[in-house]
Amino acid sequence: MGRILDEHLIYEVLSVVEEIPAGKVATYGQIARLIGRDKNARLVGRVMSMAEYYGSYPCHRVVNHAGRLVPGWKEQRALLEAENVPMKNENHVNIKACQWAD
DNA sequence: CAAATGACGCCAG
DNA sequence: ACTGGCGCCATTT
């Protein structure tokens with residue numbers, strides 16, 4: 001299985017993710033806008049799901065527009081709390097308080 | 001080619 | 001806050 005997604009897209013998404021500072025989070029839509037692909041939030045999510053294959057990136061700092069954590073990824077919460085990211089409840093960060101101002 | 005599937009987003013109830 | 005419905009895009013069935 002070769003490259004499923006456009007390598008250019010993967011490169012752009014991951015370079016943005018790399019910039020998210022510890023203690024902050026970014027949303028899929030936010031990242032999509034930053035790379036000039038406003039309507040491609042879903043693709044950003046797809047890239048994230050395969051990010052491990054391309055290297056090590058702070059994927060735990062990417063959440064959806066409501067601040068919900070990745071469904072099924074247990075370690076994410078601990079990773080965020082280790083950076084003192086404010087949580088709203090078990091599955092959500094307080095996005096208002098910790099969204100990365102780009 | 002039609003329908004379904006997702007680490008999504010926005011709006012209405 | 002939670003749930004549907006619709007729009008969005010690439011990939012898969």
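## How the protein meets the DNA

Start with arginine 46: an N or O atom in its side chain sits 3.1 Å from a base nitrogen of DNA strand B. That is a polar contact (a pair of N or O atoms within 3.5 Å; inside the protein one must be able to donate a hydrogen and the other to accept it, and residues adjacent in sequence count only through side-chain atoms on both sides). This is a predicted model, where local features need pLDDT of at least 70 and side-chain atom pairs need 80 or more, while totals for chains, interfaces and linings use all residues. Residues are numbered from 1 along each chain as its sequence is written, chains are lettered from A and ligands numbered from 1 in the order written, and side-chain values use heavy atoms, leaving out hydrogens and water.

Histidine 65 uses a backbone N or O atom, 2.8 Å from a phosphate oxygen.

## The surface around strand B

Which elements give two or more residues to the surface near DNA strand B? They are helix 2 (28–34) and helix 3 (41–54), where helices (H or I, at least four residues) and strands (E, at least two) are DSSP runs numbered from the N terminus. Helix 3 supplies the largest share, with 6 residues.

Overall, 15 residues surround DNA strand B, and the closest are Tyr28, Gly29, Arg42, His65 and Val70. Of the atoms of DNA strand B that come within 4 Å of the protein, 36% belong to sugar and phosphate. A residue is near the strand if one of its heavy atoms lies within 4 Å of it.

## Two crossing helices

Helix 3 also has a partner inside the protein. Its axis and that of helix 1 (residues 7–17) come within 10 Å and cross at roughly 80 degrees. Axes here are lines fitted to C-alpha atoms, for helices over the stretch in contact, with angles from 0 to 180 degrees between N-to-C directions. The two helices are therefore roughly perpendicular (65 to 115 degrees).

From helix 1, the contact (heavy atoms within 4.5 Å) involves Leu9, Ile10, Val13, Leu14 and Val17. Helix 3 answers with Leu43, Val44, Val47, Met48, Ala51 and Tyr54.

Not counting residues up to four places away in sequence, arginine 61 touches several others, including Pro21, Val25 and Leu80.

Glutamate 83 joins in as well: a polar contact of 2.6 Å links its side chain to that of arginine 61. Glutamate 83 sits in the loop between helix 4 (75–81) and strand 3 (87–89), and at 19% relative accessibility it counts as buried. Leaving aside neighbours within four places in sequence, glutamate 83 contacts Ala22, Gly23, His60 and Arg61. Lysine 24 is 59 residues away from glutamate 83 in sequence, with 8.4 Å between their C-alpha atoms.

## Out past helix 5

Aspartate 102 lies in the segment after helix 5 (95–98). With 59% relative accessibility, aspartate 102 counts as exposed. Beyond residues up to four places away in sequence, aspartate 102 touches Gln30 and Leu34. Its C-alpha atom is 8.9 Å from that of alanine 26, a residue 76 places away along the chain.

Notes:
Parallel < 35°, antiparallel > 145°, perpendicular 65-115°, else oblique. Buried < 20%, exposed > 50% of the residue type's maximum accessible area, 1.4 Å probe, protein only.
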